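Work through each task before reading its solution.

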Amino acid sequence: MKESNATILFADLMNSTELAKNLSLQEYDDMLGDFQGIMFEVVSHHLDYFGYKGNGIDSEWSISGDELRVFLYSENIYFDIRNALLIATKIKLAWLSSNFNQKVLSEQRLVSRIGVGINCGKVIKDVRPWRVKIGKAEPNIEGYAINLTKRIESASREGNVYQIMVGASLYKRCQQNSQINVTFSKPKSLVFKGLGQKIPVYEVTSFVNFEILSSMPVSLQKGLLEKIENTVRDAMPEPWVFIVLLRSYISMLNSNNDEDIDLKALQIGQQALEVVEYKPVIYNILGWLHINGKNVRNLEMAFHYFDQCLGLQPKNEAALLNRARILEEMGQSDLARHAYQEILFQNQQHPVARRKIAEYQSAQ
Amino acid sequence: MTLGELPTGGLYIDLGLGIVVFLLLFYEIAVHHRTRKRIAEFEKTIVTFQHDQEEVLKNLEDKANTVTNMLFEKTKPLANKLNELSKRANAILERSEGFRRELEDKVGPLQAAIDDTNAKVNSSHDAVRKMVQEGKSEIERMAKEVKGFAEEIQLMKNFIRDGTIDLEL
């Protein structure tokens, strides 16, 4: 028996009961086959890509019916959280571009979605003799955190951005580590059956990570971008898809793959402003494009977007930093210095702001 | 038959023939006499010639002796010089021989040293060639490794750059 701090992820198909009722048995089985194949492809590739040993050593996962369970316990909780968030986004993206959903999209019906619940907590791993007898040597994982995560996942139907719900434990850890570039909605206190008390649940409202697309299995990467682009042309695109798509455009712009990608990105970004409820990240992306896009470079527009972001989130470090840089580039040294000091007021360890203030002080 | 008995016509012919014979005999005697006289003269001339010849030979001998003496006198200093030259030539030859031996004595070890060096150079060359061959594979392996590192570093750079962008959005 061994206790571990694990990050637990539960994912399942939303409205699967309704789907089972409406589809023929063969169609339902085809859909489940498609779902399970994609989950297997994404999770196994991801764990291998990020160096998990698997086999119960630092991770464990299983698929049963329309449900996926992933346990990560590499002894680096932040690494596990980041990977759980990546897996969650990747399975949603892969399912969105699946054959099943592409067919649904072509018929202009609502796509099937995956709801995800993630949480951290202590679990106990134990190898059950009876399981060994039937050839399953991997440990059995138990704990209250698992039950809680399952219930958090069931709340994903009420989400309206990513439909990735997290518990308080994971939320707190993400607040402690700014390297996991994730933001959450305000908590919803939900009472779950059998728990008898209100549990705060947070929805992921933005998760900016360049590795979502780049670490996808090769078998799923072909045509993936085009499929996502098709999705955002849909009448009711999911908000999170815009963030993933815009972030991948920025990577392409950075590696000079396509010289006109900034024009496309700007267009999608402006479309996203109308769709995405959580706007700060979209403002920041638009501001970034106006600074770094060759065809759309406009520092005043960039400043305007970062200002919009700060209007919604006055402490948004990314917007503060970019605004300070623009002021510096415009030759407004005093204002730039003030902007850098503003960053230091809320984060004294901010490396760029510290360096810049030191430079200003030595120049005097 | 007598003259009177001879027919008148034939008699004259016989007489004429007798005169001819007589004349021929007379002529022969005359010729014989002249020949004997001329032979005697010739013998006398030969004796004179032999005498002259002896004299000439004697003169020639004298002259030859004189010339020999004269030549001897004249060539005597040349012979001395020739001897001297011969001595010098011998001395030069001896010196050359000495020099050759000296050179051989010196060249011998030098040649051995050169042979030794040559062998060493050949051996070193082989060793160097082997080393270069081995070095080449090593360098190729290292180049691959460096390329791998460069790719790894590029990946890390991309990762850091993209990670930084994530935080600025």
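This is a predicted model: local features need pLDDT of at least 70, side-chain atom pairs count only at pLDDT 80 or more; totals for chains, interfaces and linings use all residues.

Residues are numbered from 1 along each chain as its sequence is written, and chains are lettered from A in the order in which they are written.

**Exercise 1.** Describe the side of domain 1 of chain A that touches domain 2 of chain A.

Step 1. Count the contact, where two residues qualify if their C-beta atoms, placed from the backbone, lie within 7 Å. Domain 1 of chain A gives 12 residues and domain 2 of chain A gives 13 residues.

Step 2. Assign elements, taken as DSSP runs numbered from the N terminus (helices H or I, at least four residues; strands E, at least two). On the domain 1 side, α3 (77–96), α4 (99–106) and β9 (198–207) of chain A give two or more residues. The largest share, 3 residues, comes from α3(A).

Step 3. Sort by class: Ala, Val, Leu, Ile, Met, Phe, Trp, Tyr, Cys and Pro are nonpolar, Asp, Glu, Lys and Arg charged, and the others, Gly among them, polar. The domain 1 side has 5 nonpolar, 7 polar and no charged residues.

**Exercise 2.** Describe the side of chain A that touches chain B.

Step 1. The contact takes 14 residues from chain A and 7 residues from chain B.

Step 2. On the chain A side, at least two residues each come from α11 (239–254), α13 (280–292) and α15 (317–329) of chain A. α13(A) gives the most, with 4 residues.

Step 3. The chain A side divides into 8 nonpolar, 6 polar and no charged residues.
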